[in-house]
Amino acid sequence: MQKISNIRLEDGVNDIFHLKIIESEILNGSYAIQPPDGIDDTDFVVDINEETFNVENMILGDSLKLKIYQYYDRQTYDLLTQVYKERGGDSRAIFIWKIQKGNDVIDLLNEDYEINFNKYIDRYGKSGKYIEFEVKKRESQNKFYARKDKTIDLFSTKNIDNNDILPVVPTKGIYKESDRTLESFWFYDGFYDNDDLLYYETDFNDNDFKPSNPYFPRMRRSDDSQLGTYYEHFGSRVEVDSSFYANNDMAFSFPLTVPPFTKAEWGTMLYAEADYNDITITISNLVFRSRRVQNNTPIPFTMYLIKGYKTVISPNDWQNQILVEEVIWSSENKNENGLNWAELDISTHPLATGNATNSELKLTKANFPNLLTSLSKDEHLRIMIRNNNGYVFDEEDTFIIRNTGFSIKASINGTPPARRVLMVNLREAIDKISENITDNGIRIESNVLSSGIFNHQYISTGQFLRGTVFEKYLFQTKLELDFETLFEKGAAKLLGLGYDVYNGKIVVEDLKYFFKDVESYDFTDKEFVEDETYFSNDNELCYNSIKTGGKKYSTERQDDIKNFNTFLETQTPIISKGKTLDLQSELIVDEKKIQELILDTSSSTNNNDDDIILIDCLERSNFSDRGVFKKLKHFNSGGYLWIQQFEQAWDTIPIVVNQNLSIVNGGLNIGTYQILEITATRIKLNKTMNIQTGEGFGEIEYLFTSSAIKSRVGIPDEGIIKAEGVLNKNTSSNLLHNPKYQLARWFPFFSGMLEKKKGSELLKTLKYKNNGKVQIEVKPELYEFGLQGEITLQDDISLETMRSQKDTFFSSGMQTVRLRDVTFYEYLEFMNNWRYGKLESGNFNRETCRGYVTVNLQGEIVKIYPFGSGSIKYFNKYNELEISGKIKSSVP
């Protein structure tokens, strides 16, 4: 191509203008026109989006006003008049502008601009009639921008233009759902008149009620309790039929050996029918009082957590059981209206939450490691009270339950089996949206989503996760998305991505791609226009608050107080300006919210249907999975063992016929068997001998030998060295998309404003919604997701730590420079280098695009990243180039 210096003044350089009429009944075609009035004053403008970094306009900016005079170009004047009369404001005419020198022709606009007939004006002027019109960016050609907010179905066989399109091919993935809580609940049975325990207990003889024996008010188990073998009561002394209770170790007094086989029993609170881990005991609103009436003295007492073990010698003999007890809380003496009481109020416990009228105390393995870390099958827990100092009750003593609404709850987190889910890779979703809305005109190109760190990001929607419901009622599969929500308001903010659209492709990459440490053009040999060249503080980069995380997360599900993928607000050391960088994503990454969507089997439309979910996955093979069921029924049919449950359809669990399945917990048919048949509710196994029947808690295990796409969880085999404080590290998903890691991903973008701050200054946590106590550490291959080393999500982090791990793209300044004597050829070469990459072997290498421009300002070398609206302006009549943008950081 000939090196054109100036398109206005250079000899041999000509303008070529055409109008290309489309969508007309009789006028379609290309028409040569004279240069419109106003075109000589037109300069080239480049606009860059400040949030997603795409080039919005390349030459004319967003719009340009031009005129066609009747006396000067009667043919074009008449053409526009006829076009307008035919269709009015809906008329279509593409504005074409080319530059020619010799045999070389440069298409400046690439048919990206058209006349806006809605602003068509036919005027009378001093020089006669003329048509005034606006040339604007051609949205119909650039369909992507015009339609990026339009929702399309990835499974549609027709695109938005009603042309044929292939539906997306979803990935059959495996999602490890968040734990489900299994619990049992006991409430005070109201057994005693006036809530006075002594009225009942004094009926016992001294042999039964010694100070060494514990006691407790009678509690009734809730009918909907899910955990432990069923016992209707515990506490007090309950007359029971010993033939009903097979395990005599529940009793504290001798069982009878003659009819009617009844015994006085304290009962058990939680009797393990299988092996339990991480038990939590929650005591609510418990306030007890005790005093001796005769001499107005308190009777001090202590509440214990007691664990019972069986012995090998005589597992069903209560006399051989081993009891281990630890103090929960002791009474304190107090005087009220002249009466001296010993009062035990759980609201005064240092670990209690709430207040005096509504309190809660949680006992966990953290404070009772010997009792609550695990509970093996046939072991049991109870809470009891024992008097201090060997004191024996008599008729002069009283024990008062101050709040009869007190209760006790025992719970464990049960891990459900993995679940088959249909997902779509993020790259494929963006590609299919682009293909659909541009009639196959634009397709994706992305390294970071193909082979980079985000290559296994998968998306779905609330509606798609409820796919079986939609298939059942509407006989269709849908996955409806729009680019604006999926990417601009979602993935771009969460992952730190940007995009650009050109030459029939949408390029999607991470932040580093758009601010490369490469030189796009060297203009150091150019002089500058002093009056149009200046430095300014980067006010747009002055954030004293940064919001990361999601806009949607679970707020009403059990245990979602442990959510960590919620919301983080960080205070920066900037004190001079009150501005917030809002990076909150529209995508749902919270595991409890995802679980809520998965478990929604209702047939009603709800607000979650349009929510977009993103799941961080990886590809694995040779791993196992476990899952528990509250009620797993074992039965014999046709001589084979069948297992049945209604909690999760067997055909949603990633198991197949002829695969081995192990029953590993629950007490019945423990072992490994081959699967012979699978239905939604039942599985047939190849066990034919010694089949045990019954129903209760059960846990299964199965293996994956072939490769599978699965949700990443918090274990070393999947790149996460440590994940403490989460509900369950074996099920917690999207750990790498926590708000603190998201903050780190964006640090290179906003850190320039902090260049003058000391390394000891902090990015300080103002607010972390819910569970900011999660500790996480990842392997080196995952460092780009966030940070190195162990971090606690809610902790402040120093600038020194951030700077040691992350780049800084910019300084805190903006530079505007207007350069002299920049030829049209140099301008085009610069624009090609910057946007598309340097020309290598006849092709643009995009790995060298989006770098900085180097200029010389009176001996000072300044490197500028063009950024923002009007960041590049070429004044073609004067061969002057103005560049405005962020100054490259000098930090190595």
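Which residues have the most contacts inside the largest nonpolar core? I opened the predicted model with that in mind. The core has 87 residues, and I noted Ile430, Leu486, Ile506 and Phe750 as those with the most contacts inside it.

**Entry: Ile506.** I listed what Ile506 touches, leaving out residues up to four places away in sequence. Ile430 is on the list, as are Phe144, Ile442, Ile444, Phe483, Tyr499 and Val501. Ile506 also touches Ser434, Arg443, Glu445 and Asp500. I then found a second, separate core of 59 residues. Val83, Tyr521, Trp834 and Val862 are included in that second core. For background, nonpolar side chains tend to be buried together in soluble globular proteins.

**Entry: helix H13.** I followed Trp834 next. Trp834 is one of the buried residues of H13. Does the count show H13 mostly covered or mostly uncovered? Mostly covered: 10 of its 13 residues are buried. Among them I noted Phe824, Tyr827, Leu828, Phe830, Met831 and Tyr836. Glu826, Asn833 and Arg835 are buried in H13 too. I checked the geometry of H13, residues 824–836. At 1.5 Å a residue the helix should span 18 Å, and its end C-alpha atoms are 18 Å apart, so the two values agree. Just after H13, I saw that Gly837 takes a positive phi of about 110°.

**Entry: cysteines.** How many disulfides does a search of the whole structure find? I got 0. I looked up two cysteines anyway. Cys617 has a relative accessible area of 1%, so it counts as buried. Cys849 is likewise buried, with a relative accessible area of 1%.

**Entry: Val656.** I located Val656 in the loop between strand S44 (640–644) and strand S45 (660–665). Is Val656 buried or partly exposed? Its relative accessibility is 45%, so I logged it as partly exposed. Leaving aside neighbours within four places in sequence, Val656 is in contact with Arg420, Ile675 and Ile678.

**Entry: Asn116.** I found Asn116 in strand S8, residues 113–125. Its relative accessible area is 10%, so Asn116 is buried. Which backbone nitrogen lies 3.1 Å from a polar atom of the Asn116 side chain? I traced it to Asn118. Beyond residues up to four places away in sequence, Asn116 touches Glu134 and Lys136.

Methods: Residues numbered from 1 in each chain as written. Predicted model: local features only at pLDDT ≥ 70, side-chain atom pairs only at ≥ 80, totals over all residues. Heavy atoms only, no water. Core = buried A, V, L, I, M, F, W, Y, C linked by side-chain atoms within 4.5 Å. Buried < 20%, exposed > 50% of the residue type's maximum accessible area, 1.4 Å probe, protein only. Contact = heavy atoms within 4.5 Å. Helix = DSSP H or I, 4+ residues; strand = E, 2+ residues; numbered from the N terminus. Disulfide = S-S within 2.5 Å. Polar contact = N/O pair within 3.5 Å; in protein donor to acceptor, adjacent residues only side chain to side chain. Expected span 1.5 Å × (residues − 1).
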